[in-house]
Structure formats: structure tokens, C-alpha cells
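Morning, everyone. Please look at the screen while I talk.

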Amino acid sequence: MAQETMTYREATPGAIKFPELTVDGARDFLMRRDVQVGIVVIGLLFAVFGDFSLTMLRSWFNVDSYYQHGPAVPLAIGYILYVNRDRIEKHPIKPTIWPILILIPLLIVGVLASWAFFFSIQGAIVTAALGVLAWMFYGLRRAWAMAPAVLFAMTGLPMWNDLIDRHTNQLQIWSTDGAYALLKIIGQNPIRMEPTVIHLDRFELYIAAACSGMKLTLAMLASVIFVLLVARLKWWGNLILVAMALPLAVVINGLRIGVIGIVGNNISKDAGHMFHDYGSYIFLVMAFAILYYTAKKLGWKV
């Protein structure tokens with residue numbers, strides 16, 4: 001009888017068996033002891049940075065936050081790891097303890113930063129700590145292969161507020177330009193007395209920092225980085241996606257503000273305010289759909 005050929009994952013010592021994308025596969029994966037230990041350790045890490053973690057969760061579900069795409073980030077990290085599983089599994093698991101000498105100072109600095117509410121520093125330290133934990137659990141080479149997914153976590157952490165505050169004004173003006181042009185084209189009779197204020201017959205649009213388009217810009221940048229990590233396009237395809245991120249965010253945000261004005265002016269002020277609070281999810285999906293189909297045209301076989 002011919003000897004049965006062993007699969008790569010069976011033959012490689014210490015290889016992670018990535019779960020199949022099924023309910024049973026996910027359940028079996030979550031039942032593994034190393035996965036459960038990893039979840040507990042990551043939970044403890046975020047518990048150490050309690051204020052930062054609460055701010056992160058609030059920012060994910062706050063209608064005026066720049067980080068409404070945050071809940072999708074953990075799912076994206078899992079998918080990045082799954083798509084790149086062949087590269088990761090080339091490196092056997094080699095746990096080591098000595099990176100704890102790096103982890104402890106990181107945690108100390110992070111706690112000190114939490115007292116001063118330096119969220120930018122805390123976000124960087126949380127990301128670095130996740131990388132060090134991966135090093136401890138899996139070894140340097142496998143952790144290095146997992147590094148893109150770990151770094152992607154930064155796209156959902158509330159650590160970019162200072163940068164946003166310095167650059168949001170121009171985005172406010174661009175978004176107001178787009179909304180004003182749309183409202184004028186469709187006959188809503190907009191009046192623009194200030195750079196970021198549009199007056200309609202029965203509704204007024206105040207394009208504040210939260211409506212500047214930075215929310216969509218961050219979501220688009222996260223989406224572009226995600227596609228770059230999983231689509232494996234040619235260099236010119238990656239360049240096209242990067243180049244379209246900011247213009248697409250500004251155009252979609254201008255469209256969003258214009259639709260808010262249409263709803264508020266033609267239905268009611270309450271409807272306009274409600275669409276402002278919850279309609280952004282529609283435009284986040286729209287922006288990602290445009291990016292997705294563009295990536296497919298550029299060679300992403302999904």
C-alpha cells in the first residue's frame with residue numbers, strides 16, 4: 001500500500017493550523033489552549049491601559065468619532081493573518097522568554113503616559129507590546145511574518161487625534177466645496193456665507209471638524225492598507241490605490257454632507273440630524289465598495 005503523503009502543516013513541527021473559514025473551524029480554533037491563553041494575555045494588556053481601552057471603545061461607537069471603522073479592524077487583522085498563513089507557517093514556533101525584558105519597560109512607559117493622557121504614545125506602545133508578545137509566544141521569525149497584521153492594529157487606535165487636529169481645516173473646506181456644488185446643481189439654493197457653513201431654505205449645515213472628511217479619510221487609509229496587505233497587487237496597482245484614498249474620501253464626504261442637506265431641507269431637521277448621526281455608515285460602505293471593485297480591476301482575485 002502506498003504510504004500516505006503528509007501535508008505540510010502536519011509535517012512541520014510547531015505549525016499553527018489556521019482554522020477553516022467555517023463555524024466549526026472557528027469553534028475548534030477558539031477551543032485551543034494557546035489561542036485561549038493569547039486572548040487572556042491580550043485582554044490583560046488592554047486592561048493595563050484601561051483609560052486608553054475605554055477611549056478606544058467609545059471612539060468606535062461614537063457617531064462623531066474619527067474611528068467608526070474600528071470594530072472592523074480586529075476582523076481585518078484576522079483576515080490578514082489568514083491570507084498570509086503560508087508565509088507565517090514557514091517559520092516553526094519557537095517561544096522565548098527573554099523579550100519580557102523589552103515588554104516590562106514598554107508597559108511602565110505606557111502606564112506613565114496614561115497618567116498624562118498621551119494617547120499617541122499609548123497607541124504606539126500597545127502596538128509594540130502586541131509585537132513583543134507575538135515574539136515571546138511564536139519566536140522572532142514567525143512574529144516578523146505576523147508583523148504587518150500587528151501594525152495594522154494602529155489604524156483603529158485613537159492615537160491620531162493630534163495629527164488630525166492640525167490638518168482637518170483644509171478637509172473641512174474641501175468637503176464644504178463638494179457639498180455646496182452638489183446642492184447647487186440639484187437646485188437646493190444653497191448660500192455660503194462662511195467657508196464651512198451652508199444655509200438652505202429650511203436647514204443649515206455646519207461642517208465642523210467631525211464632518212471634515214477625516215473620518216472617511218482614516219477609514220479609506222485603513223482600507224487601502226488592508227487591501228495592500230491581502231491583494232498582492234503589482235506595485236503600480238498599489239500606487240493607484242494609495243493615490244485615490246484622499247480624493248475618494250473627500251468626494252464621498254462631500255456627497256454625504258450634501259445628502260444630509262437634502263434630507264434636512266426637504267424632509268425635516270430631525271431627519272437631517274438623524275442622517276448625520278447614522279448615515280455615515282452607508283458612505284463608509286460605499287467608499288470601501290469603490291475601493292474593492294477598483295482593486296479587483298487591478299488584479300485582486302477575490
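One definition before we start. A helix here is a DSSP run of H or I with at least four residues, and helices are numbered from the N terminus. Keep in mind that this is a predicted model.

Now the overall count. The protein chain has 14 helices and 3 strands. Of its 302 residues, 43% are buried. The accessible surface of the chain is about 16800 Å², and carbon and sulfur atoms hold 69% of that. What about contacts along the chain? Take the contacts with a separation of 6 or more: residues 24 or more positions apart account for 73% of them.

Next, one residue. Where does S175 sit? It lies in helix α10, which covers residues 161–185. Is S175 buried or exposed? Its relative accessible area is 0%, so S175 is buried, because buried means under 20%. The S175 side chain has a partner, too. It makes a polar contact with the side chain of N253, at 2.8 Å.

On to helix α5, residues 72–83. It has 12 residues. From first C-alpha to last it reaches 16 Å, close to the 16 Å expected at 1.5 Å a residue. Which residues of α5 are buried? They are V73, A76, I80, L81, Y82 and V83. Here is a general point about such lists. An α-helix has 3.6 residues a turn, so residues three or four places apart point the same way. Look at Y82 again. The charged end of R85 sits over the ring of Y82, 4.0 Å from the ring centre.

Now the aromatic rings. How many aromatic pairs are there? The count is 7. One of them joins Y79 and F226. That pair is tilted, with 5.9 Å centre to centre and 40° between the planes. The pair links distant parts of the chain. Y79 is in helix α5, F226 is in helix α11, residues 214–231, and they are 147 residues apart. Y79 has a relative accessible area of 30%, so Y79 is partly exposed. F226 is at 12%, so F226 counts as buried. Another pair is F275 with F283. This one is edge-to-face: 6.1 Å centre to centre, 80° between the planes. F283 is buried, with a relative accessible area of 4%.

Last item. Which residues form one aromatic cluster? Y79, F152 and F226 do. Find those three on the screen.

Methods:
Residues are numbered from 1 along each chain as its sequence is written. This is a predicted model: local features need pLDDT of at least 70, side-chain atom pairs count only at pLDDT 80 or more; totals for chains, interfaces and linings use all residues. Side-chain values use heavy atoms; hydrogens and water are left out. Helices (H or I, at least four residues) and strands (E, at least two) are DSSP runs, numbered from the N terminus. Buried means under 20% relative accessible area, exposed over 50%, partly exposed in between (1.4 Å probe, protein chains only). A polar contact is a pair of N or O atoms within 3.5 Å; within protein, one must be able to donate a hydrogen and the other to accept it, and residues adjacent in sequence count only if both atoms are side-chain atoms. The expected span of a helix is 1.5 Å times one less than its number of residues. Contact means heavy atoms within 4.5 Å. Accessible areas come from the Shrake-Rupley method with a 1.4 Å probe; for residues, only the protein chains shown count as cover. Rings of Phe, Tyr and Trp (its six-membered ring) pair if their centres lie within 6.5 Å; planes under 30 degrees apart count as stacked, over 60 as edge-to-face and the rest as tilted. A charge sits over a ring if NZ of Lys or CZ of Arg is within 6 Å of the ring centre and within 35 degrees of the ring normal.
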